[in-house]
Amino acid sequence: MPFVVNEGVKIYWDECGSGEPLLLIMGLSYPSYMWHRSRPVLAQHYRTIAFDNRGIGLSDVPSGAYSMPSMASDGAAVLDAAGVEAAHVFGVSMGGMIAQEFALQYPKRVRSLILGCTAAGGPQAVQAEPGAIQTLLRQGMTPEESREAITPFIYNPGTPRERIDEDMAIRMKWYPTPQGYAGQLQGIFGWEAYGRIAQITVPTLIIHGETDRLIPAANAKLIAERIPGARLVLIPHASHIFETDQPAAAHQAILEFLGTQHSVARK
């Protein structure tokens, strides 16, 4: 199994597919296996490189809070280990926050940027309803109770339950430790990039489900207004986990965007 050590933390990563490199960054307390719907599609065209964020999956679970710059540097260490100088970068939810920080810290390493179901933090961010925030804090909940409590906030009501259960089976297999979850969550709460993301100059796609109750879609519009030339795609009948709610629409938008970057690069 491939690992790389960054800041004394062992980070698991792997790759699948061939073509231009595409770095995949997953969200809060989700292992890289949660790319199970999108990665097979993307790997048909790109060399996908994914990793478990510190605190989850096969990566180490260090003590304390995990800062967004540290988690972004984990991504840079993974690219180093893969022998990749610059990649397309695709992050969802917390992974989208890490991707923003990555683009700010390592601008020459980003070919293009995809920000899925994410926010830029700070006082400008549009907050979730109180029930969603309380569910995130998980006080006194068992893993099973947490799973059921979060479902209405992250999946569209029309999504088949069997599809949700497929996701949750992976989720429960790689359920985070209390420290891993808290370390990532503290990193989210202590971060903002709204005042800095206008510095991002690479081609950027912002993609978000219209019915997202965890990170409201208004956040996507805020980011799109700040990043010069950013493209905004809002997916109907899709919530936070838009790749499960509307996989065909999501993959079409992502591949069209990436294909455009590939065409530009060839000219």
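This is a predicted model: local features need pLDDT of at least 70, side-chain atom pairs count only at pLDDT 80 or more; totals for chains, interfaces and linings use all residues.
Residues are numbered from 1 along each chain as its sequence is written. Local features need pLDDT of at least 70, side-chain atom pairs count only at pLDDT 80 or more, totals for chains, interfaces and linings use all residues, and side-chain values use heavy atoms, with hydrogens and water left out.

**Exercise 1. Find the cavities of 30 Å³ or more and describe their linings.**

Step 1. Let's set the terms. A cavity is a set of points, on a 1 Å grid over the protein atoms alone, where a 1.4 Å probe fits but cannot get out, and its lining residues have an atom within 4 Å of a point. Grid points are joined across faces, edges and corners, and the volume is the space filled by probe spheres set on the points.

Step 2. Two cavities of 30 Å³ or more turn up.

Step 3. Around the largest cavity sit Y30, R138, S146, R147, I150, M168, R171 and Y175. Helix α5 (143–154) gives the largest share of this lining, three residues, while α5 and α6 (161–173) each supply at least two. Helices here are DSSP runs (H or I, at least four residues), numbered from the N terminus.

Step 4. Now sort by type: the lining of the largest cavity has four nonpolar, one polar and three charged residues. The second largest cavity is lined by A120, G121, A125, Y194, N219, L222 and I223, of which five are nonpolar, two polar and none charged.

**Exercise 2. Work out which residues of α4 (130–137) are buried and what covers them.**

Step 1. Buried means under 20% relative accessible area (1.4 Å probe, protein chains only). In α4, that picks out A132, T135 and L136.

Step 2. Seen down the axis of α4, these buried residues fall within an arc of 105°, so they line one face of the helix. The arc is taken from the directions from the helix axis to the C-beta atoms.

Step 3. Their cover includes α5 and α7 (178–189), where contact means heavy atoms within 4.5 Å.

Step 4. Just after α4, R138 takes a positive phi of about 60°. R138 also belongs to the lining of the largest cavity.

**Exercise 3. Locate the residues with the most contacts inside the largest nonpolar core.**

Step 1. A nonpolar core is a set of buried Ala, Val, Leu, Ile, Met, Phe, Trp, Tyr and Cys residues joined through side-chain atoms within 4.5 Å.

Step 2. The largest one has 85 residues, with L23, F90, L113 and I154 making the most contacts inside it. Helix α2 (68–82) gives the most to this core, eight residues.

Step 3. Take F90: leaving aside neighbours within four places in sequence, its contacts include L22, L23, W35 and I254.

Technical notes: On a 1 Å grid over the protein atoms alone, a cavity is a set of points where a 1.4 Å probe fits but cannot get out, and a pocket is an open set with protein on both sides within 12 Å along at least five of seven lines; lining residues have an atom within 4 Å of a point. Ala, Val, Leu, Ile, Met, Phe, Trp, Tyr, Cys and Pro count as nonpolar, Asp, Glu, Lys and Arg as charged, and the others, Gly among them, as polar. Buried means under 20% relative accessible area, exposed over 50%, partly exposed in between (1.4 Å probe, protein chains only).
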